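User: I'm new to this one. Can you walk me through it?
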Amino acid sequence: METVVKFQQLQSAYKDKNVFVTGHTGFKGSWLIAWLHLLGANIKGYALEPEYENCLYNSLKPLNIAESIIADIRNKEKLTKEILSFQPDFIFHLAAQPLVRRSYEIPAETFDVNVVGTANVLEALRSLQKKCTAIIITTDKVYENKEADILYNEDDRLGGYDPYSASKACTEIVVSSFRNSFFNTNKLDVHGKAVASVRAGNVIGGGDWSKDRIIPDIVKALVQNKPIEVRNPHGVRPWQHVLEPLGCYLLLGALLYENATSFSHAYNFGPYPEDHLTVKELVELSIKIWGSGEWKDISDHNQPHEAGLLKLDITKAIKELNWKPKLNAAKAIEWTINWYKQSSDKQGDFTFQQINDYLNL
């Protein structure tokens, strides 16, 4: 087994397979359907309308790379109908309310979308009468964060200070319950389903325009020639380019499809332990790559709580999946800023170019 994600390995797993992607209009979902398109998969997406006009999905939409169903993940009847009519070989569940600060504004909706939405996907999977592999995407923030310089592994206690983090911890419990109750590997020959959850660190990359996220904040300020406002300059995060976790998801999906018993677990995906940057370092490197700009500290103790320190232990993925990161944090920032430097009519093509460049590293 190669220790990095290779095109031929993934193409053999996904070419001509039916792949159902929830949240395909979002930042990570758009990158995923682009990659699946290169692999020759038949793609069906299920998500809300994209929130931002200049988003990556709208750049890719004219290419007709995926059948697109615009609907709410909480509509269980509609979701089930679309999954069963498509008869997927793979399901990648990315649909979520993904923002920490927004979760303070809509806490109940955040739990509804993230927890009940996931249960709806898994219940639809129960009704599917064929072999299928499901990858449920959560977050690195599922752990009870002690704000200490430690690495969290997959067996550490789940928790969450803010509603977003707590909802994703609950999602992990839902996944575990469904896996034990309905998709137990001891009865794989009966149900034919393989389910794993994946916990990725702070993902950056082109095409993210979400409110209150650091890369969109940086780019918007640089384009407008304004100082970048930084809320938490000393916060430490496991920054990684979006292609790193997506490659992990695809690799794990391929392995699960062939051997559900060995890989039906939760996995952390992130950078090496020594490769963590502060928000300040990310901002200053972004300015350097852009070629101009400045930033200012707008720290406010009255802001909603956000974790100041968070690091992941990726040992399990390295040992069990024979995987390793390709891009360090500095290179991830460079790839991200270079994407935003492209003109809007070039960003779709540049997305495919970066996927190919990543595979050829």
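User: Which strands does helix α7 lie across?
Analyst: In this predicted model, helix α7 (residues 163–181) lies across β5 (132–137), β6 (193–200) and β11. It runs at about 160° to β6. Helices (H or I, at least four residues) and strands (E, at least two) are DSSP runs, numbered from the N terminus. Angles run from 0 to 180 degrees between N-to-C directions, with axes fitted to C-alpha atoms, for helices over the stretch in contact (heavy atoms within 4.5 Å).

User: What is the strand order in the sheet?
Analyst: β3-β2-β1-β4-β5-β6-β11, seven strands in an open sheet with parallel pairing. Strands pair if DSSP finds at least two bridges between them.

User: Why is one side of β3 and of β11 left without a neighbour?
Analyst: β3 (67–70) and β11 (266–269) stand at the edges with a single partner strand each, so one side of each has no neighbour in the sheet.

User: And which helix packs on β1, β2, β3 and β4?
Analyst: Helix α4 (residues 76–86). Its direction makes about 180° with that of β2.

User: New topic. How many residues are in the largest nonpolar core?
Analyst: 81. Y14, W35, F92, Y249, L252, F269 and L321 touch the most other members. Helix α10 (residues 243–258) gives the most, eleven residues. A core joins buried (under 20% relative accessible area, 1.4 Å probe, protein chains only) Ala, Val, Leu, Ile, Met, Phe, Trp, Tyr and Cys through side-chain atoms within 4.5 Å.

User: What does the second core include?
Analyst: That separate core has 26 residues, including I83 and I136.

Conventions:
Residues numbered from 1 in each chain as written. Predicted model: local features only at pLDDT ≥ 70, side-chain atom pairs only at ≥ 80, totals over all residues. Heavy atoms only, no water. Buried < 20%, exposed > 50% of the residue type's maximum accessible area, 1.4 Å probe, protein only.
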